[in-house]
Amino acid sequence: MIIPRRPLSLWERLYLPAVWGGFKITLRHFFKKKVTMQYPEERWTVPAGYRGAPYLVRDQDGRTKCVSCQLCEFICPPKAIRITPPGPQPNPGVGNVEKLPQEFEINMLRCIFCGYCQEVCPEEAIFLMKDYSLSGHSRAEMIYDKERLLALGGTHQDQHQKWKQKAREAAAQGIAPAPEATP
Ligand code: SF4
Ligand code: SF4
């Protein structure tokens with residue numbers, strides 16, 4: 001079926017009413033409160049409980065809490081985590097943490113900020129922070145290594161010192177020196 005094209009009326013051919021209609025909308029919004037942000041100078045304040053990028057944390061004594069159990073590596077849906085455990089060699093001079101990871105990498109290009117790693121971690125060693133805007137000049141730059149993750153995660157003052165408590169329990173049972181005596 002052929003639909004005949006309706007010719008424009010004189011009013012429509014003037015175009016000025018359409019231009020004026022556009023101006024009216026512009027004027028109406030000109031005096032309204034602005035809702036856009038001047039990113040990146042202005043940053044969005046993330047709400048409490050926001051799940052951003054996952055970082056490793058240290059305990060109150062500045063020690064890495066991760067013990068290379070690899071549960072987070074196993075559970076991570078996009079396989080963004082890669083952990084190199086210490087192997088049979090103990091970690092010298094780090095107190096009670098025998099299994100510090102040799103390397104711990106998170107590929108932030110793959111990470112979907114799902115929070116499974118935080119949920120599964122038995123040591124409260126990895127937390128989703130408030131960072132939502134990550135950028136880099138190369139793919140390699142977006143793979144965060146252990147030192148970078150620890151630096152970004154910082155020290156969690158309010159977290160339970162699990163290993164100190166374990167040392168106290170072991171000392172009470174007479175199977176280990178008191179925690180104050182451990183390095
Ligand atoms: S937040 Fe999710 S996707 Fe990102 S590293 Fe953790 S488990 Fe993997
Ligand atoms: S971050 Fe937690 S779950 Fe992942 S390897 Fe370390 S201790 Fe295990």
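**A walk along the chain**

Pro40 sits in the loop that links α2 (16-30) to β1 (54-56). Helices here are DSSP runs of H or I with at least four residues, strands are runs of E with at least two, and both are numbered from the N terminus. You are looking at a predicted model, in which local features need pLDDT of at least 70, side-chain atom pairs count only at pLDDT 80 or more, and totals for chains, interfaces and linings use all residues. Residues are numbered from 1 along each chain as its sequence is written, while chains are lettered from A and ligands numbered from 1 in the order in which they are written.

Back to Pro40: the peptide bond that runs from Tyr39 to Pro40 is cis, with omega near 10 degrees. Most peptide bonds are trans, and most residues other than glycine have a negative phi.

Now for phi. Tyr15, in the loop between α1 (10-14) and α2, is not a glycine, yet its phi is positive, at about 65 degrees. Tyr15 is exposed, having 10 other C-beta atoms within 10 Å.

Lys79 is exposed, with 10 other C-beta atoms within 10 Å.

Finally, take a look at α2. This helix is hardly covered, as the count of buried residues among its 15 residues is zero.

Notes
A residue is buried if 20 or more other C-beta atoms lie within 10 Å of its own, exposed if 12 or fewer, and partly exposed in between; C-beta atoms are placed from the backbone.
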